[in-house]
Amino acid sequence: MAAAVLYIHGFISSPQSIKAQQTGAFMAALEPAASCRVPALPNTPQATLDTVEYELQALLASHERVGLIGSSLGGFFATVLAEKYALPAVLINPAVRPHNLIRHYIGENHNPYTDEYFQITLGHTEELARMEPSSLTPERYWVLLQEGDETLDYRNAQSYYSACRMTVEPGGDHSFTTYEQYLPDIAVFLNLTEQ
């Protein structure tokens, strides 16, 4: 296939999340279809980055055009990869400077999708801090934010990605409730459709 998208889900989420499922169904229905990879991610940062980078390299080796979609903490990992590989990325209520956010999760956590229990340590916050890109290339990004996000303060992403294409909606929640209606425009932004 000529085009592919790597969808990176958020922290304590899974490929079974609603947005991941919507993305896969939409990409499969495109003419011609775009490949959609939604890897199940480990619960810790470096293992997650290793997984998504491995998946991305496989897609880059077999597809002409590859784009990234990242939700929440997945938005951070999409940013890391977009800068390293010079790729377009759509970010949905992305986590900004997650090394500060994940401090609230130090200790035991539970992933309800996988029923796994796992530990977050201070070392994991340091891993995330080391991953943060030194700069952003604004034209690579389209950031989708909803002001009603109950998990992340949308204003942090609004400030961090201020030079990028951005859509900010009132209301909504952390899942970005109107995501599905944006998929046709997302496919165009990521250059997944033949113009």
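**Reading helix packing, voids and backbone in a predicted model**

Me: In this predicted model, α1 and α7 are oblique to each other. What describes two packed helices?

Reply: Two packed helices are described by the angle between their axes and by the distance between those axes. Take α1 (18-29) and α7 (residues 179-189). Their packing angle is about 45°, and their axes are 10 Å apart. Angles under 35 degrees count as roughly parallel, and 65 to 115 as roughly perpendicular.

Me: Is the crossing of α1 and α7 left-handed or right-handed?

Reply: Right-handed, for α1 and α7.

Me: Which residues make that contact between α1 and α7?

Reply: From α1 come Lys19, Gln22, Thr23 and Phe26. From α7 come Tyr179, Glu180, Leu183, Pro184 and Ala187. Sorted by class, the contact of α1 with α7 has 5 nonpolar, 2 polar and 2 charged residues.

Me: Now try another pair. At what angle do α2 and α3 pack?

Reply: Helix α2 covers residues 45-62, and helix α3 covers residues 73-85. They pack at about 45°, with axes 11 Å apart. That angle makes α2 oblique to α3. The crossing of α2 and α3 is right-handed.

Me: Which residues of α2 and α3 make the contact?

Reply: On the α2 side they are Pro45, Thr48, Leu49, Val52, Glu53, Leu56, Gln57 and Leu60. On the α3 side they are Phe77, Val80, Leu81, Lys84 and Tyr85.

Me: On to voids. How many cavities of 30 Å³ or more are there?

Reply: A cavity is a space where the probe fits but cannot get out. The count here is 1 cavity of 30 Å³ or more. The largest cavity has a volume of about 120 Å³. It is lined by 15 residues, and those closest to its centre are Gly10, Phe11, Pro42, Thr48 and Leu73. The elements giving two or more residues to this lining are α2 and α3. Thr48 also belongs to the α2 side of the contact with α3.

Me: How many residues of that cavity lining are nonpolar, polar or charged?

Reply: The lining of the largest cavity divides into 8 nonpolar and 7 polar residues, with no charged ones.

Me: What is the volume of the largest pocket?

Reply: A pocket, in contrast to a cavity, is an open set of points. The largest pocket has a volume of about 610 Å³. Its lining counts 29 residues, and nearest its centre are Gly10, Phe11, Ser72, Thr151 and His174. Gly10 and Phe11 are also among the residues closest to the centre of the largest cavity.

Me: Which elements supply at least two residues of the pocket lining?

Reply: α1 and α4 (98-101) do. The largest share, 3 residues, comes from α1. By class, the lining of the largest pocket has 15 nonpolar, 12 polar and 2 charged residues.

Me: Last, the backbone. Is the peptide bond from Glu31 to Pro32 cis or trans?

Reply: Look at omega. The bond from Glu31 to Pro32 is cis, with omega near -10°. Pro32 sits in the loop between α1 and β2 (35-37).

Me: What is the phi of Asn93?

Reply: Asn93 has a positive phi, about 40°, although it is not a glycine. Asn93 lies in the loop between β4 (89-92) and α4. That α4 also contributes to the lining of the largest pocket.

Conventions:
Residues numbered from 1 in each chain as written. Predicted model: local features only at pLDDT ≥ 70, side-chain atom pairs only at ≥ 80, totals over all residues. Heavy atoms only, no water. Axes fitted to C-alpha atoms, helices over the stretch in contact; angles between N-to-C directions. Helix = DSSP H or I, 4+ residues; strand = E, 2+ residues; numbered from the N terminus. Parallel < 35°, antiparallel > 145°, perpendicular 65-115°, else oblique. Left-handed = near helix turned anticlockwise from the far one by under 90°. Contact = heavy atoms within 4.5 Å. 1 Å grid on protein atoms, 1.4 Å probe; cavity = no way out; pocket = protein on both sides within 12 Å on 5 of 7 lines; lining within 4 Å. Points joined across faces, edges and corners; volume = space filled by probe spheres on them. Nonpolar A, V, L, I, M, F, W, Y, C, P; charged D, E, K, R; others polar.
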